[in-house]
Amino acid sequence: MSRIGKNPITIPEGVTVDLKDGVVTVKGKLGELTQKIEDIDVKIEDGVITFERSSDKKDLKAKHGLYRSLISNMIEGVANGFTKELELVGVGYRASNQGQKLDLAIGFSHNIVLDLAPEIKVETISDKGKNPIVKLTSYDKQLVGQVAAKIRSFRAPEPYKGKGIKFRGEQLRRKAGKSA
């Protein structure tokens with residue numbers, strides 16, 4: 001059996017989980033998420049969700065752990081939310097936001113202006129002497145990760161000086177420069 005798939009999920013207080021026609025709906029204080037589930041049996045009993053598969057086919061084994069992780073992340077998201085922090089490393093790199101518009105000055109001739117989805121809350125932190133930080137918060141883990149990856153892709157960190165946009169706490173592989 002899938003080690004991840006066979007772990008039960010306990011539903012915290014303030015979160016409701018409904019199963020109807022193969023669609024799981026999770027509601028909490030931060031929002032509502034839905035996920036369609038195929039080929040896997042989901043049982044909700046006494047505040048615990050369990051997942052079972054009908055056979056040991058390879059695709060069913062993969063879906064078993066996948067759906068368990070997706071539902072677990074949905075429950076965690078609507079209860080607590082998810083946060084990703086990006087750090088802008090480089091001389092003159094700046095970030096600012098006006099509501100849902102994120103404005104990045106990262107060394108190109110023009111600033112990059114990004115319209116973010118309404119589910120994401122964006123915050124920019126600029127302290128003197130420190131690198132600017134873009135903080136993304138949402139109840140949807142998939143959406144936060146996708147937006148953070150998109151922002152990082154505008155200027156990925158380079159291996160020599162480490163300039164670019166990186167995740168906060170990310171360890172970069174650095175290369176030695178030219179030897180004289």
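In what order do the strands of the open sheet with β2 stand, and is the pairing parallel or antiparallel? The order is β2-β3-β4, and the pairing is antiparallel. This is a predicted model, in which local features need pLDDT of at least 70 and side-chain atom pairs count only at pLDDT 80 or more, while totals for chains, interfaces and linings use all residues. Residues are numbered from 1 along each chain as its sequence is written, and side-chain values use heavy atoms, with hydrogens and water left out.

**View 1. The whole chain.**
The chain holds 2 helices and 13 strands. Helices (H or I, at least four residues) and strands (E, at least two) are DSSP runs, numbered from the N terminus. The radius of gyration is 21 Å, well over the 16 Å that the globule rule gives for 180 residues, so the chain is more spread out than a compact globule. This radius is taken over C-alpha atoms, and the globule rule is 2.2 Å times the number of residues to the power 0.38. Along its principal axes, the C-alpha trace spans about 65 × 40 × 25 Å.

**View 2**
Two strands pair if DSSP finds at least two bridges between them. The edge strands are β2 (16-20) and β4 (32-36), each pairing on one side only. From one strand to the next, the twist averages 15°. Axes here are lines fitted to C-alpha atoms, for helices over the stretch in contact, and angles run from 0 to 180 degrees between N-to-C directions. Lys 20 has Val 23 in β3 as its bridge partner.

β11 pairs with β12 (residues 133-138) over 5 bridges, in the antiparallel sense. Here Thr 124 stands opposite Val 134 in β12. β7 and β12 are joined by 6 bridges, also antiparallel. Lys 84 has Leu 136 in β12 as its bridge partner. On β13, the antiparallel pairing with β7 runs over 4 bridges. Leu 88 stands opposite Ile 165 in β13.

**View 2. The hairpins of β8, β9 and β10.**
β8 (residues 94-98) and β9 (residues 101-105) run antiparallel, joined by 5 bridges. Asn 97 stands opposite Leu 102 in β9. The two strands form a hairpin with 2 residues between them, and Gly 99 in the turn has a positive phi of about 65°. β9 also pairs with β10 (residues 112-115), antiparallel, over 4 bridges. Leu 104 stands opposite Ile 112 in β10. The hairpin of β9 and β10 has 6 residues between the strands, and Gly 107 takes a positive phi near 90°.

**View 3. The largest pocket.**
About 210 Å³ of space lies in this pocket. On a 1 Å grid over the protein atoms alone, probed at 1.4 Å, a pocket is an open set of points with protein on both sides within 12 Å along at least five of seven lines; lining residues have an atom within 4 Å of a point. Grid points are joined across faces, edges and corners, and the volume is the space filled by probe spheres set on the points. β4, α1 and α2 each supply at least two residues of the lining. Among the lining residues are Leu 33, Leu 70, Met 74, Tyr 139, Asp 140 and Lys 141. By class, the lining has 4 nonpolar, 4 polar and 2 charged residues. Ala, Val, Leu, Ile, Met, Phe, Trp, Tyr, Cys and Pro count as nonpolar, Asp, Glu, Lys and Arg as charged, and the others, Gly among them, as polar.
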